[in-house]
Amino acid sequence: MNQRPIYLDNQATTPVDDRVLAAMLPYFTQHFGNSASINHMYGWEAEAAISQAREILAQAINASPSEIVFTSGATEANNLAIKGISEAYFSKGQHIITVQTEHNAVLDPCHYLQSLGFEITLLPVQPNGLIDLQELEKAIRPDTILVSIMAANNEIGVLQPLAEIGGICRQAGVIFHTDAAQAIGKIPLDVEEMKIDLLSMTAHKIYGPKGIGALYVRRKHPRVQLVPQLHGGGHERGMRSGTLYTPQIVGFAKAVEIGLAEQKSESQRLLTLRHKLWSKLQTIPGLQANGDLDRRLVGNLNFSIADVDGAALLLGLQPIVALSSGSACSSTKTSPSHVLLALGLSEKLAYASLRLGIGRFNTADEIDLVAEHIMATVSSLRQARVLEPNLQI
Ligand SMILES: *Cc1c(COP(=O)(O)O)cnc(C)c1O
């Protein structure tokens with residue numbers, strides 16, 4: 001059998017939907033113009049396509065098109081938001097609040113600012129992965145210029161209470177940024193209702209192409225000031241220079257459009273698959289879910305298995321299923337997930353964790369197969385341990 005493993009790593013990235021690819025293709029070869037070329041039809045075509053995409057993205061979050069700034073993805077959007085605010089509001093203060101379980105694309109810009117003299121408060125999370133709103137209220141100070149809290153966690157899928165956070169920030173007069181890379185197109189987002197001032201998005205987690213994303217920047221009530229991080233031709237109202245990548249932008253908008261159109265039915269389907277998987281796995285002794293099981297992305301499951309060697313488990317699963325472990329690999333070493341540690345898990349349990357991201361192209365048969373394989377692998381690892389009681393794991 002020479003089959004590729006079942007893909008269950010949809011929180012890392014997703015394949016491009018055929019409908020998205022079809023929408024993109026004409027913009028590589030036929031409508032290839034530069035949207036900044038105002039003197040001919042090639043430029044106008046590109047500009048029209050980008051304008052339409054901007055409209056779709058704005059509508060998806062109840063914003064207006066002029067508030068959308070295209071970027072190369074959520075990493076750049078987060079950097080633009082956090083560094084851009086820190087420079088623009090420097091005279092107001094140098095204190096930023098974020099959360100221990102954020103993506104590195106938020107944590108690392110904050111650490112960078114810390115090295116420049118900013119003060120960063122890293123809020124802890126409760127054992128279910130959600131922040132305590134009172135902790136947030138207590139952390140806000142007169143010199144706080146930004147609160148950055150993600151919409152949906154990329155490892156454990158938990159959904160932070162955006163509307164409540166937005167309410168607290170607005171009341172305190174502090175700008176609220178949310179990294180919505182895992183949320184856009186999957187859960188309802190409304191920048192007015194949730195009082196969000198900056199929102200990062202990316203296309204490749206929702207069946208769009210890699211290398212494209214956007215930052216929503218509120219223009220009124222309040223008007224958010226941002227210092228650009230890329231200087232050049234003055235594109236995107238001066239906030240992000242560089243020729244706009246028309247095919248990617250068209251694909252991004254198509255991906256969001258499909259995500260929204262199918263949100264209800266697809267959420268139901270994914271939830272059914274996740275329940276099926278989770279109920280099958282219940283026979284495994286020592287199984288524990290990581291993160292709140294209700295306030296969560298429907299396709300995400302993250303769990304630990306006590307007394308199992310995480311590395312051996314992953315190795316056993318590799319030929320059958322592509323998933324992530326509860327560890328993050330940097331270039332030189334593997335370390336336990338900072339998200340799982342923040343939930344209070346031991347290092348050992350964090351290593352013995354799996355993240356399963358069920359997506360649009362997964363089927364019920366695949367879920368059955370994966371469940372059976374996980375159960376079989378765990379029990380064979382445990383068997384080996386019983387046979388060789390002195391084995392160090
Ligand atoms: C994937 C992801 C990012 C990074 O997005 P890119 O578009 O790959 O740069 C940032 N934040 C979260 C929560 C993510 O899941």
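## Helix H5

The expected span of a helix is 1.5 Å times one less than its number of residues. Helix H5, residues 104-115, has 12 residues, and its first and last C-alpha atoms lie 16 Å apart, close to the 16 Å expected. Keep in mind that this is a predicted model.

Which residues of H5 are buried? They are Ala-105, Val-106, Leu-107, Pro-109, Cys-110 and Leu-113. Just after H5 comes Gly-117, with a positive phi of about 115 degrees.

Zooming in on one pair, S6 and S7 (residues 198-202) run in the parallel sense and share 3 bridges. Here Thr-178 stands opposite Leu-199 of S7.

In soluble globular proteins, nonpolar side chains tend to be buried together. In this model the largest nonpolar core has 64 residues, and Ile-61, Phe-70, Leu-136 and Leu-189 have the most contacts inside it. Both domain 1 (6-14 + 263-388) and domain 2 (18-261) supply at least three residues to this core. There's also a second, separate core of 25 residues, including Leu-273, Leu-301, Ile-358 and Val-370.

So what does Ile-61 touch, leaving aside its neighbours within four places in sequence? Its contacts are Ile-68, Ile-184, Leu-189, Asp-190, Val-191, Leu-199, Met-201 and Tyr-216. Leu-199 is the residue that stands opposite Thr-178.

## Gln-11, a buried loop residue

Gln-11 is found in the loop between strand S1 (6-7) and helix H1 (18-24). Is Gln-11 buried or exposed? Its relative accessible area is 6%, and buried means under 20%, so Gln-11 counts as buried.

Leaving aside neighbours within four places in sequence, Gln-11 is in contact with Asn-154, Gln-182, Lys-186, Lys-205, Leu-297, Gly-299, Asn-300, Arg-355, Leu-356 and Gly-357.

How values were computed: Residues numbered from 1 in each chain as written. Predicted model: local features only at pLDDT ≥ 70, side-chain atom pairs only at ≥ 80, totals over all residues. Heavy atoms only, no water. Core = buried A, V, L, I, M, F, W, Y, C linked by side-chain atoms within 4.5 Å. Buried < 20%, exposed > 50% of the residue type's maximum accessible area, 1.4 Å probe, protein only. Domains from an automatic or database assignment. Contact = heavy atoms within 4.5 Å. Helix = DSSP H or I, 4+ residues; strand = E, 2+ residues; numbered from the N terminus. Pairing = 2+ DSSP bridges.
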